[in-house]
Amino acid sequence: MLGSALTMALLPQVLPAQEVVTPVQALTPEQSPVEMRPLSFADLAEQVSPAVVNITTSMLVAAPGGNNPAEGTPFEDFFRQFGPRSGEQAPTQRANALGSGFVISADGYIVTNNHVIADADQIQIEFFSGDSLPATVVGTDPNTDIALLKVEASDLPYVEFGDSSETAARVGDWVMAMGNPLGQGFSVSAGIISARNRALSGTYDDYIQTDAAINRGNSGGPLFNMEGQVIGVNTAILSPNGGSIGIGFAMSSEVVSGVVGQLREFGETRRGWLGARVQAVTQDMVGALPGLENARGALISDVPEGPAREAGLQAGDVVLTFDGATVTDSRGFVQMIGAAGADQTVTLGVLRDGETFDLAVTLGRREEAEGQLTPQGLPTEQSQYEGLGLTLSQITPQIAQQFNLGTDTGLVITEIDPASEAAARGLAVGDVVSDVANTPVATPAQVEEIVTAARESGRTSVMLLVRRGGDPRFVALPLE
């Protein structure tokens, strides 16, 4: 009986409905990871090695020890007596650094990282054959840490860029790195693509993460796919001790090939420039942007003087496509603009007030100009609007001075309910609201009218264009 009672107590009283689970599709024997795994990387390494190079750079640096490099040695007194006098130039010595690179053309163009050759006054290229040639710098791009070098040669073995897109270079695909780690030249390591679309610090970052061993000296070397094409330039590692722990980053060939093309043609980059500030579309904005069903595209937050304003782009517009390609987020949009190049005319698919249309924009050059906000006058009358968890006041000279607003126009937040959605979404006293529902506002009455109309139309939230320190951003606030 005791056994029966215990068994009964352990049985569930109510059996849940059986959940239907769709099984993961099994791979066929021909598709299994064991069958797809390369038996050896030897053929691939033999194929591409002649195009991979070791790079040695050197520069003059101050000798250690200041004016007395013999300090602490038996020659200290001698050097003090016969060495440079006070005020004389300190001695220098030549320091060397090592890196990697790869040849991309038979006539001697070589790609590496900018940080490998930065500040160098001599660059020497060592080839797999053992030959060595001096190199000159064709151009550099610190934004993507890419440099293009040139040696005087012909008929050099070279490699080509491959497709680094997410469909061609997938997470889990095999890759092979080659370079000059810690001075051990022409060293090969293999692994897989661990992750995609990593951003480290730059606007144009599109790094492929890999667990192929990458160490100091690998910088500038190629990351190959299994066809022997370069899909990335090994640039950085994440490590607590300076050595490889299986987290390396290679700038994708999709970015590098465009940069290299411009460096080769112009000796510099000539990125496209739209002249508008953009921000991400968040889920809480969807209800405040008519015609937008989900968080996608890039939201235009400000349009100062520049190509965007000349083309008719407005703050509050959402860019959904770029020359027919889908804009998934603001970061991708900025990269598309830069990659398009200066003086190019592109077509933007724009959503405005629930309607979509195409807009042609001729891009400027990012390196030459950045848009500036146009100063505008300050209103002089004071009154307030209270709602949405905010108190908005007109900007008088006194308020402008109190909040250090400069030439900002709109209404300043003078009070905020700490329990409101406005506070939860980062708004603060001193922020300036310049637009409500894509309409410029200068008086509290205008805000009241816009908010009332939004409620009557059945909208659940309203979009505010908020400026802090001159930087604009959109914030959606619920109307309840």
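Me: Two strands pair if DSSP finds at least two bridges between them. How many bridges join β11 to β12?

Reply: There are 3 bridges between strand β11 (residues 222-224) and β12, and the two run antiparallel. This is a predicted model, where local features need pLDDT of at least 70, side-chain atom pairs count only at pLDDT 80 or more, and totals for chains, interfaces and linings use all residues. Residues are numbered from 1 along each chain as its sequence is written, and side-chain values use heavy atoms, without hydrogens or water.

Me: Which residue in β12 is the bridge partner of F224?

Reply: V230 in β12 is bridged to F224. Strands here are DSSP E runs of at least two residues, helices H or I runs of at least four, numbered from the N terminus.

Me: What about the turn of that hairpin, which residue takes a positive phi?

Reply: G228, with phi near 80 degrees. The hairpin of β11 and β12 has 5 residues between its strands.

Me: Is β12 (residues 230-237) mostly covered or mostly open?

Reply: Mostly covered, with 6 of its 8 residues buried. Buried is under 20% relative accessible area, exposed over 50%, partly exposed in between (1.4 Å probe, protein chains only).

Me: Switching to V256. Why does V256 count as buried?

Reply: Because its relative accessibility is 0%. V256 sits in helix α6.

Me: What does V256 touch beyond four places in sequence?

Reply: V111, I146, F161, V233 and M251. Contact means heavy atoms within 4.5 Å. The C-alpha of V256 is 7.8 Å from that of T144, 112 residues away along the chain.

Me: New topic. What is the volume of the largest pocket?

Reply: About 690 Å³. A pocket is an open set of 1 Å grid points where a 1.4 Å probe fits, with protein on both sides within 12 Å along at least five of seven lines.

Me: Which residues lie nearest its centre?

Reply: D206, E254, V255, Q335 and M336, out of 26 lining residues. β9 (187-198), α6 (253-266) and α8 (330-340) each give two or more residues to the lining.

Me: Last one, R352. Which strand, and what does R352 contact outside its sequence neighbourhood?

Reply: R352 is in strand β19 (residues 345-352). Beyond four places in sequence, R352 contacts G312, L313, Q314, D317 and F357.

Note on methods: 1 Å grid on protein atoms, 1.4 Å probe; cavity = no way out; pocket = protein on both sides within 12 Å on 5 of 7 lines; lining within 4 Å. Points joined across faces, edges and corners; volume = space filled by probe spheres on them.
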